[in-house]
Amino acid sequence: MSIPQSGGGPVERFEQLAEYLEAGCKPKDDWRIGTEHEKFGYCKDTLKPLPYDGPRSIKAMLEGIRDRFGWDPIEEQGNIIGLTKDGANISLEPGGQFELSGAPLETIHQTCDEVNAHLRDVQSVADEIGARFIGLGAAPEWTHDQMPMMPKGRYRLMTDYMGRVGTHGTQMMYRTCTVQVNLDFGSEADMVKKLRVALALQPVATALFANSPFFEGKVNGHKSWRSRIWRDLDPARTGTLPFVFEDGMGFQRYVDYALDVPMYFVYRDGKYINALGQSFRDFLNGELPALPGEKPTLSDWADHLTTIFPEARLKKFIEMRGADGGPWRRLCALPALWVGMLYDGAALDAAWDLAKGWDTQTREALRVAASVDGLQAETNGVRMHDLAREVVAIAEAGLKARARPGAGGMVPDETHFLNALQESIETGKVPADELLEKYHGEWGGDLNRIYAEYSY
């Protein structure tokens, strides 16, 4: 999750809220790629989650990376809760999930190099303290009571609130991991088209990256339990956003939606002030119960936007949020999929042609089916395997058209980053299928085997 926003003066005009989003518009030459991924840390001997504090802990990981690799610490109330270096951040999810939020980079070659360097750094520090990390969409065995809580004020507030508004919120917070990519837009019309494609085709990413068939030590009946969790978390701030596909969609329409999402907090002087369930509209009028008489700053607005969790999220860029965390080689496939579709005009047109005829019911049915059946999903006449084949082909064509070379020019473009997805298209199997085959086959139902075979 995001670190607190900073900067930006007071909101003096209502129009500033939409202008904040519009400020993300960039010429195509300035479009960048920001890859984020989370992974679970655990104690090598006990296979239990890393606590926050102690010699073998999340804190020890952060301090080790800080000291050995020259990162600057981010602290809250005297606790180290993250690191920053060269435009990238390392942050913590509520249960200690270790997240790299990469710097905005020009090519997938660069962002993949960044991911690989980060994982090597994590491995070296983890080896020293007796820890390991594993890339999965959901914790396979751990219960809620076994999970630590990171010392971040927003997480204490969110944990309390989640139990009031849904049934799966704390599962999301403490026991899931994702891989995401953040991408730019050139204009309001470009944003609208990209956001529509992102929301409509997000179930394809959910299917291709499905990697959470286990939960609390059992087969859970879903290829992506993580995706299932998001459906019963908080309907006010999740979902596929039907309004995005309506006439009149633009920056202001997204602002109207965001203003109707109840607040979590206001960040002041290093502390999170409880504003759970309160209205940002009241805040604009100086009538927020948590801060009577005070009006918001643009950083308050930026913070509020980070508490909204649809399948694709708009800030000054678009976040793709539908994929499970996964094995090392798939972390570069996720940005390749979306960059290929969204950063080439012909590919974006082709992707929209796939989805523009779907209604709200079809889009939502695909989301549900993807979480249950992965590539085997089929609903409303749409076969996920066929759809995924078309989507990956469009992404490949888009990456070829981008023609961004790597390895000093020896690699002509970024298409090889799609190889893991091409394999899934050929075999019909995604990571969850492989895990289930092993569990029911060579593992003989022993889920502990997952740690030795799938850890970084």
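Buried means a relative accessible area under 20%, exposed means over 50%, and partly exposed lies in between (1.4 Å probe, protein chains only). The structure above is a predicted model, in which local features need pLDDT of at least 70 and side-chain atom pairs count only at pLDDT 80 or more, while totals for chains, interfaces and linings use all residues. Residues are numbered from 1 along each chain as its sequence is written, and side-chain values use heavy atoms, with hydrogens and water left out.

**Exercise 1. Cysteines**

Task: Classify Cys25 and Cys43 as buried, partly exposed or exposed, and state which cysteines form a disulfide.

Solution.
Step 1. Cys25 has a relative accessibility of 26%, so Cys25 counts as partly exposed. For Cys43 the value is 6%, and Cys43 is therefore buried.

Step 2. A disulfide is a covalent bond between the sulfur atoms of two cysteines. Here the criterion is a pair of cysteine sulfur atoms within 2.5 Å. The structure holds one disulfide: the sulfur atoms of Cys112 and Cys332 are 2.0 Å apart. The angle about the S-S bond is 85°, and the link of Cys112 and Cys332 is right-handed.

Step 3. The two partners come from distant parts of the chain, 220 residues apart: Cys112 belongs to helix α3 (residues 108-129), and Cys332 to the loop between β15 and α11 (333-342). Helices (H or I, at least four residues) and strands (E, at least two) are DSSP runs, numbered from the N terminus. Cys112 is buried at 8%, and Cys332 is buried at 5%.

Step 4. The cysteine sulfur closest to that of Cys43 is in Cys177, at 16 Å, which is too far for a bond.

**Exercise 2. Arg321 and its surroundings**

Task: Determine whether Arg321 is buried or exposed, and find which side chains are joined to Arg321 by polar contacts.

Solution.
Step 1. Arg321 is located in strand β15 (residues 318-324). Its relative accessibility is 8%, so Arg321 counts as buried.

Step 2. A polar contact is a pair of N or O atoms within 3.5 Å; within protein, one must be able to donate a hydrogen and the other to accept it, and residues adjacent in sequence count only if both atoms are side-chain atoms. The side chain of Arg321 has such a contact of 3.5 Å with that of Gln180 and another of 3.4 Å with that of Glu319.

Step 3. Contact means heavy atoms within 4.5 Å. When residues up to four places away in sequence are not counted, Arg321 touches several residues, including Thr178, Gln202, Trp230 and Phe309.

**Exercise 3. Two helix pairs**

Task: How are α6 and α13 oriented to each other, and how are α11 and α12 oriented?

Solution.
Step 1. Axes are lines fitted to C-alpha atoms, for helices over the stretch in contact, and angles run from 0 to 180 degrees between N-to-C directions. Angles under 35 degrees count as roughly parallel, over 145 as roughly antiparallel, 65 to 115 as roughly perpendicular and the rest as oblique.

Step 2. Helix α6 (residues 188-208) packs against helix α13 (residues 360-373) at about 5°, with the axes 9 Å apart. The two helices are therefore roughly parallel. Ala200, Pro203, Thr206 and Ala207 of α6 meet Arg363, Leu366, Arg367, Ala370 and Ser371 of α13.

Step 3. Ala, Val, Leu, Ile, Met, Phe, Trp, Tyr, Cys and Pro count as nonpolar, Asp, Glu, Lys and Arg as charged, and the others, Gly among them, as polar. The contact of α6 with α13 thus has five nonpolar, two polar and two charged residues.

Step 4. The axes of α11 and helix α12 (residues 345-355) come within 6 Å and cross at roughly 100°. Consequently α11 is roughly perpendicular to α12. Gly340, Met341 and Leu342 of α11 contact Ala347, Leu348 and Ala351 of α12; five of the residues are nonpolar, one is polar and none is charged.

**Exercise 4. Positive phi in loops**

Task: Where do Gln77 and Ala407 lie, and are they buried or exposed?

Solution.
Step 1. Gln77 lies in the loop between β2 (72-76) and β3 (79-85). Although Gln77 is not a glycine, its phi is positive, at about 50°. With a relative accessible area of 52%, Gln77 is exposed.

Step 2. Ala407 lies in the loop between α14 (384-402) and α15 (419-427). Ala407 is not a glycine either, and has a positive phi of about 55°. At 55% relative accessibility, Ala407 is exposed.
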